[in-house]
Amino acid sequence: MNESLAGSVALVTGASRGIGRAIAVDLARHGADVALVGRTTESLAETRDAVRAARAAARTLPLVADVADAAGIDAAVASVLREFGRLDHAIANAGQAVDALLLRTKPADLDRMLDVNLKSAFYLATAAARPMMKQRSGSIVLLSSIVGLAGNAGQAAYAASKAGLLGLAKSVAKELGSRNVRVNAVAPGYIETAMTQSMPEQARAHYLATIPLGRAGTPQDVSGVVTFLCSDAARYVTGQTIVVDGGFLM
């Protein structure tokens with residue numbers, strides 16, 4: 001087992017399922033203790049069990065929180081610091097998509113996507129920056145999307161929220177670099193999750209037909225990149241967006 005993250009502590013939002021669960025498991029497999037942030041105790045318990053299956057000695061801290069609430073994020077980070085004494089990796093993975101054409105997008109749906117996809121990452125970066133700056137080390141990873149890079153008809157609001165993460169990563173990377181805190185973004189393409197499984201079949205077929213690697217991605221394809229960005233192997237990587245899409249945008 002590669003324990004390149006041994007002794008470190010990670011916090012993952014959106015850890016209840018899909019990519020977030022895979023990230024938590026992969027970080028634990030490589031030696032990290034993991035705080036799991038999600039919406040329900042039941043789903044977090046399933047992730048905790050998956051983490052323990054990957055590394056029995058991994059310490060976990062399930063935290064039910066609304067990531068769109070700044071106070072909730074602050075409380076989650078405070079809980080991590082009380083439990084583990086430090087925070088080395090903060091992964092903003094929570095996300096929500098409500099597809100609609102521009103003229104049919106409801107203001108409430110726009111607000112919710114900005115809150116969950118963008119503001120929550122801003123709040124997490126803010127809360128995580130404080131202890132990371134004090135310890136003069138840390139890695140923050142924001143989960144964006146190729147839609148934030150290229151746009152997509154019917155996803156204007158979602159694309160706007162995900163594109164915002166790219167600018168956020170670069171700006172915060174410039175602010176925190178002098179304290180040895182790195183900030184990067186990961187932009188997944190078509191990944192088999194509960195969110196993509198709800199897509200119309202025609203849209204799914206279009207994506208699969210245009211991916212050079214000839215298959216959809218898995219949550220583990222994304223989690224491996226996140227783990228890399230948290231490791232010392234990426235100690236000179238900051239302010240970057242790594243695309244994980246099988247060549248779709250190439």
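Eight salt bridges are counted, each defined as a side-chain nitrogen of Lys or Arg within 4 Å of a carboxyl oxygen of Asp or Glu. One of them joins Asp 33 to Arg 59, with the closest N and O atoms 3.0 Å apart. Asp 33 belongs to strand β2 (residues 33-38) and Arg 59 to the loop between α2 (41-54) and β3 (60-64), so the pair ties together parts 26 residues apart in sequence. Helices (H or I, at least four residues) and strands (E, at least two) are DSSP runs, numbered from the N terminus.

The model is predicted; local features need pLDDT of at least 70, side-chain atom pairs count only at pLDDT 80 or more, and totals for chains, interfaces and linings use all residues. Residues are numbered from 1 along each chain as its sequence is written, and side-chain values use heavy atoms, without hydrogens and water.

Helices α3 (residues 70-84) and α4 (residues 107-135) pack at about 30°, their axes 9 Å apart; axes are lines fitted to C-alpha atoms, for helices over the stretch in contact, and angles run from 0 to 180 degrees between N-to-C directions. The contact (heavy atoms within 4.5 Å) involves Ala 70, Ile 73, Asp 74, Val 77 and Leu 81 of α3, and Tyr 123, Leu 124, Ala 127, Arg 130 and Pro 131 of α4.
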